[in-house]
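Dear colleague,

I am handing over a structure that will be new to you, and my notes on it follow below. Please have it open while you read.

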Amino acid sequence: PLDPNDRDVMLGLEDAAKGFVGMILAGPFLTGFCQTINDWYDREIDAINEPYRPIPSGIISEGQVIFQIWFLLLGGLGIAYGLDVWCHHDVPTV
């Protein structure tokens, strides 16, 4: 029989929100950071092999790339830290 008080089985709305924040916000921010920094370091190779890409073609300026890298990194870590605090961890696990 199902025990409605069993937290291992019944996830509450708050738990679902924590999962949403982790999967929909923090994860994509940090994945975007990794992809952007990879594209930045591959810009010289891409200029030869894929010159139409945004960074080697100059569609996105160096300043915009650097801003995006910092925005995604700090945003992702900030969201992850906020989620850690929301989960009431004694020591941040970010």
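A residue is called buried under 20% relative accessible area, exposed over 50%, and partly exposed in between. By that scale phenylalanine 71 counts as partly exposed, because its relative accessibility is 46%. Please keep in mind that this is a predicted model.

In one of them, phenylalanine 29 and phenylalanine 71 form a tilted pair, with 5.8 Å from centre to centre and 40° between the planes. Since phenylalanine 29 lies in helix α1 and phenylalanine 71 in helix α4, this pair ties together parts that are 42 residues apart in sequence. Phenylalanine 29, at 21% relative accessibility, counts as partly exposed.

The rings of phenylalanine 67 and phenylalanine 71 are stacked, because their planes stand at 20°, with the centres 5.9 Å apart. Both of these residues lie in helix α4, four residues apart, which is about one turn of the helix, and phenylalanine 67 counts as exposed at 59% relative accessibility. Taken together, Phe29, Phe67 and Phe71 form one aromatic cluster.

As for tryptophan 40, arginine 43 lies over the face of its ring, at 3.8 Å from the ring centre.

Notes: Residues are numbered from 1 along each chain as its sequence is written. This is a predicted model: local features need pLDDT of at least 70, side-chain atom pairs count only at pLDDT 80 or more; totals for chains, interfaces and linings use all residues. Side-chain values use heavy atoms; hydrogens and water are left out. Rings of Phe, Tyr and Trp (its six-membered ring) pair if their centres lie within 6.5 Å; planes under 30 degrees apart count as stacked, over 60 as edge-to-face and the rest as tilted. Helices (H or I, at least four residues) and strands (E, at least two) are DSSP runs, numbered from the N terminus. Buried means under 20% relative accessible area, exposed over 50%, partly exposed in between (1.4 Å probe, protein chains only). A charge sits over a ring if NZ of Lys or CZ of Arg is within 6 Å of the ring centre and within 35 degrees of the ring normal.
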